[in-house]
Amino acid sequence: MVFTGTKEELKQKAQKVLTKEIVAFIEKSLKDEHPNSLLIAVLHKVQEEFGYLSVESMDAVSILMQIPTAKISGVATFYHFFNLKKKGKYVISVCIGTACHVKGADKIVQKLEEELGIKLGETTKDALFTLEEARCLGTCALAPVIKINKDVHPQVTIDQIPKILETYFNKEKKIK
Ligand code: FES
């Protein structure tokens, strides 16, 4: 448990960790006949807001929903769509579905690993990129496909990878 204090202090601390919208959503959920059944929806909201489920945010949900943290982390680790680690600003998902696999997705992964200096599942030290694999992205005719956040890059070749990454590096330069 990250927080200590009286019940009211704990509640206030928990509210500070989460956003007003999430706290309001939790309060609404608590009025439901089966608030525990809304835990997944609450965790989705937390992940949408912060990009992952930190120990602190799960503790805050535990306090506000009066659900043991062990149960919350059990749910968070059971469902693959919850992230327990902070991801990079740009999440690169390389499709490894059948069509993309046949068209050389493994070579695309290899090239991205080389260019970024990380392995699949890792995030670069500057927290800019996370490299992941994904199941069929639903655009098999355009295989091999990679997705960077919401941008879909079709028929990617190894030679295109540095240029694709450069566009994201350049975006960052413009922001700074
Ligand atoms: S297998 Fe890659 S998009 Fe379908």
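Is Glu115 buried, partly exposed or exposed? Glu115 is partly exposed, with a relative accessible area of 37%. Here buried means under 20% relative accessible area, exposed means over 50%, and partly exposed lies in between, for a 1.4 Å probe and protein chains only.

The model is predicted: local features need pLDDT of at least 70, side-chain atom pairs count only at pLDDT 80 or more, and totals for chains, interfaces and linings use all residues. Residues are numbered from 1 along each chain as its sequence is written, and side-chain values use heavy atoms, with hydrogens and water left out.

Start with the partner of Glu115. The side chains of Lys111 and Glu115 form a salt bridge, at 3.3 Å from N to O. A salt bridge is a side-chain nitrogen of Lys or Arg within 4 Å of a carboxyl oxygen of Asp or Glu. Both residues lie in helix α7 (residues 105–116). They are four residues apart, about one turn of the helix. Helices (H or I, at least four residues) and strands (E, at least two) are DSSP runs, numbered from the N terminus. Lys111 is buried, with a relative accessible area of 18%.

The whole structure holds five salt bridges. One of them joins Lys89 to Glu172, with the closest N and O atoms 3.0 Å apart. Lys89 sits in the loop between α5 (69–78) and β1 (90–95), and Glu172 sits in helix α8 (residues 161–175), so the pair ties together parts that are 83 residues apart in sequence. Lys89 is partly exposed, at 42% relative accessibility. Glu172 is buried, with a relative accessible area of 9%.

Helix α8 also carries Lys171. Asp151 makes a salt bridge with Lys171, and their closest N and O atoms are 4.0 Å apart. This pair links distant parts of the chain, 20 residues apart: Asp151 belongs to strand β4 (residues 151–153) and Lys171 to helix α8. Asp151 is partly exposed at 33% relative accessibility. Lys171 is partly exposed too, with a relative accessible area of 39%.

Now turn to helix packing. Two packed helices are described by the angle between their axes and the distance between the axes. Helices α4 and α5 pack at about 125°, with their axes 9 Å apart. The axes are lines fitted to C-alpha atoms, for helices over the stretch in contact, and angles run from 0 to 180 degrees between N-to-C directions. Helices α4 and α5 are therefore oblique to each other. Angles under 35 degrees count as roughly parallel, over 145 as roughly antiparallel, 65 to 115 as roughly perpendicular, and the rest as oblique.

The crossing of α4 and α5 is right-handed. A crossing is right-handed if the near helix is turned clockwise from the far one by less than a right angle, and left-handed if anticlockwise. On the α4 side, the contact uses Met58, Asp59, Val61 and Ser62; on the α5 side, Thr69, Ile72, Ser73 and Ala76. Contact means heavy atoms within 4.5 Å. The residues of this contact divide into four nonpolar, three polar and one charged. Ala, Val, Leu, Ile, Met, Phe, Trp, Tyr, Cys and Pro count as nonpolar; Asp, Glu, Lys and Arg count as charged; the others, Gly among them, count as polar.

The backbone comes next. Most residues other than glycine have a negative phi, and most peptide bonds are trans. Gln66 has a positive phi of about 60° although it is not a glycine. Gln66 lies in the loop between α4 (55–65) and α5. At 60% relative accessibility, Gln66 is exposed. Ala127, not a glycine either, has a positive phi of about 60°. Its loop runs between α7 and β2. Ala127 is partly exposed, at 41% relative accessibility. The peptide bond from Ala143 to Pro144 is cis, with omega near -5°. Pro144 is in the loop between β2 (129–134) and β3 (146–148).

Thr19 lies in the loop between α1 (7–17) and α2 (20–30). Thr19 is buried, at 16% relative accessibility. Leaving aside neighbours within four places in sequence, Thr19 is in contact with Glu49 and Phe50. Glu49 and Gln66 are 17 residues apart along the chain, and their C-alpha atoms are separated by 21 Å.
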